[in-house]
Amino acid sequence: MLRRRSLFPALWVALVLAGAVLTGGGLRADAPAPPPPSSGAESFLDGELLVRFKTAATPDLRVAALDRLDVQILDEYPLTGITRLRVPLGTVEETRHRLLAAGLVDLAEPNYSLRLAQVVPDDPQYATDQAWFYDLMGGPEAWAVTTGRPDVVVALIDGAVDLDHPDLASNIWTNLGEVPGNGLDDDGNGFVDDINGYDFISDWQGSGSGRPGQDNDPDAKPGDSALGDGEDQDQDGVPDGAVGHGTQVAGIIAAVGNNQFGIAGAAWQVSIMALRVTSPEGDGLFSGLVAALEYAIANGADIVNISLAASVLPQSAQIAVEAAAAAGLILVGAAGNTGFDVTFPAALPDVIAVGSHDGEQAPDVRPLFSPIGPEVEFVALGVDVLSTSVQALTGEPTFDTGTGTSFSAPFVTGAVVLIRALDPAASSDDVRRLLSDGAVDLPDAGAPGWDGSGRLHFGATLTALQAGAPAPPAITQALVAVTAIELEGTAAVGSAVAVSADPPGEQIATVQADATGHFTLRVLLQRFDGTVAQVALTAVATSAGGASRPSTPLTVALPRDVVLRPGWNLVSWAGPTGPGDVVLADLPPAARRVFARNGEAWELAVPGDPLFTIDEIRTGQGLWIFMGRTPPVPWRQFRALFQAPTLQPGWQLVVWAGPTTDPQTALTQTTAEIVAVYAWAEERQRFRAYISRSPLPPTLTELPHFEAVWVLVEGRGGPWPQG
């Protein structure tokens, strides 16, 4: 207290002097200094303030007051009334408080620092080995807009890819329709166990060493023929010299950014569909390219990267490329390393051909290997590009550099991923235009046609795309009809609206907003898994300027129709827990009796009779319902989330909540000692049974989703599985 009081007179005098100029000597005790406009974590320039003088402060009065505080005017901005001041070093906060408390200004704040709108990843090798070329391409500005989306799928037609590389694993595509390792073609696409893509060349080592085969594993892992055999089959002097190629290309596109490990790819969130078509020596056949393009088309790829080159192109391969383009896939290809003509397939008009520039010291210079000609659309770094890799023979994940247009093309592919993340409807022509608008114009450097539209700058492209994006749409109503969900909403006039659902976590339908900004959409219920209780719907609006942010999710309870037949029906209640009279109010008129079992007691409800009712019906509760003479009639229920019960010794009426399966598989998912499961066949009015200890074949061979069953437990209880 003594120390604070000893400093007070000096502060008092300074404030009185400043205040007297404006108020005739009176100190503005009713105008305390407000808190600073930030937490103090932001940096600012020491020795400067930005202020706005009050209208009563004439220029002469300002000068007189500022002189007393040892403050000078550095600059004035008349349209806003802001003045820039120089204050003694180390006194920014003190002087700010004095100016405000004295009533001289109504605004005073430090001259805070600002930075480009950019995101700089924390990957250890980014700052030392990558920052310079990503700065050249505007990577940090692009990542401030988007880092990609996992639902954008890039078909990588190349060599084997190290699917387990720590900087790639989370960005590898997974075929959700396939069950790993069961030897079956679960999704019916013609390929067995194709979990992450496919290998269309298998153990073929290269020229003169057998015939290519195919298998379901495009990985480069220890013991796999994709790592090579240590022999130099193509006689280029480098045994197995192309082992790391596919992994390097994948890393330039999709190395996970900002994960405190390794490097950063151009797109930090993406799904790489690995399609192996070349041997460890770098050789391949056009049959592999055709097969890989067909696979990409059939399995939902959005973009194709082809870092392959040939001096000729068979008509079969050209047809495959044209088919991929016609299907809406955006194709990016390496222009080749001949130094003259663009090679195939990049030379085709449906493929975006990418050449190379020479790097940090000479970003405007063409390396001797990079082709020239009007087909070269863009150039990107192609000399000593650091990326993920894999060691031959051992399969050890590592990082390595590569040179050639093979490593330029994936930069453009990564930029296309970011464009599609922001604008899912962007076509190949849209992408070309956007990349061209953002590209840096380059001199021909004695090689006319080398630079095409210029050097890739996807920061400018993404920044411009975001600036023109429409506002997020809104789903205003979702009504469940008999077979579909009828959606209504609002969006930017004329924009394309893409609606996605989670689950299944993908785009399910698109529609155009009309001249009033209104849209309607009918989404068939069959699009959703029958075991799903609720679905969250979101919408993204896309126009020529780009894609909006997603709308606020709207959660919809999905219906389940229970078919009630004459006689006794053993069914389950799928809706939310509620009073029995409310739950049963929607029963068809032919319902005569309803029995529910709570614990060891039975409860009876007679529809329409208030003397016989069930107090509460829980989600997932089994019900016996007796129906009079009537044709089969549906009882619509809207599913709620369900917690499976815990089984106790004895008989209990429970519900199977998992996907339809056989009883034996279901019983492997619990520790309870279940000896019998009984289901009721309404159409035949009899029980079906599965008895684990019986030598006779079961009459109950299937547990349909959300079917009520009787379960007998002898010995240890445990959880009743949900599947």
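This is a predicted model: local features need pLDDT of at least 70, side-chain atom pairs count only at pLDDT 80 or more; totals for chains, interfaces and linings use all residues.
Let me begin inside the chain, with helix α6, whose buried residues are His 245, Gly 246, Thr 247, Gln 248, Val 249, Ala 250, Gly 251, Ile 252, Ile 253 and Ala 254, where buried means under 20% relative accessible area, exposed means over 50%, and partly exposed is in between, with a 1.4 Å probe and protein chains only. Because 10 of the 10 residues of α6 are buried, this helix is largely enclosed by the rest of the structure. Helices here are DSSP runs of H or I with at least four residues, strands are runs of E with at least two, and both are numbered from the N terminus.

Residues are numbered from 1 along each chain as its sequence is written, and side-chain values use heavy atoms, with hydrogens and water left out.

Leaving aside residues up to four places away in sequence, His 245 touches Asp 158, Ser 307, Ser 406 and Phe 407, with contact meaning heavy atoms within 4.5 Å. The relative accessible area of His 245 is 17%, and His 245 is therefore buried.

Now to the chain as a whole, which has 13 helices and 35 strands. Its radius of gyration is 35 Å, well over the 27 Å that the globule rule gives for 723 residues, so the chain is more spread out than a compact globule; the radius is taken over C-alpha atoms, and the rule is 2.2 Å times the number of residues to the power 0.38. The C-alpha trace spans about 100 × 85 × 55 Å along its principal axes, and 50% of the 723 residues count as buried. Of the contacts between residues at least 6 apart in sequence, 70% join residues at least 24 apart. As for charge, the mean positions of the 39 positive and 84 negative charges are 15 Å apart, counting Lys and Arg as positive and Asp and Glu as negative, without His or the chain ends, and placing each charge at NZ of Lys, CZ of Arg, CG of Asp or CD of Glu.

Several other helices are worth a look. In α10, residues 428-438, the buried residues include Val 431, Leu 434 and Leu 435, and what covers the buried residues of this helix includes β9 (330-334), β10 (351-357), β11 (376-381), α9 (409-422) and α11 (458-467). In helix α8, residues 315-326, we find Ala 317, which is buried with a relative accessible area of 0% and which, apart from residues up to four places away in sequence, touches Phe 286, Leu 289 and Val 290.

Gly 300 sits in the loop between α7 (286-298) and β8 (303-306), and at 42% relative accessibility it counts as partly exposed.

Finally, some backbone geometry. Most residues other than glycine have a negative phi, and most peptide bonds are trans. Another cis bond joins Phe 344 and Pro 345, with omega about 5°, and Pro 345 is in the loop between β9 and β10. Turning to phi, Ser 202 has a positive value near 55° and is buried at 12% relative accessible area, whereas Phe 706, in the loop between β33 (686-691) and β34 (707-713), has a positive phi near 60° and is buried at 4%.
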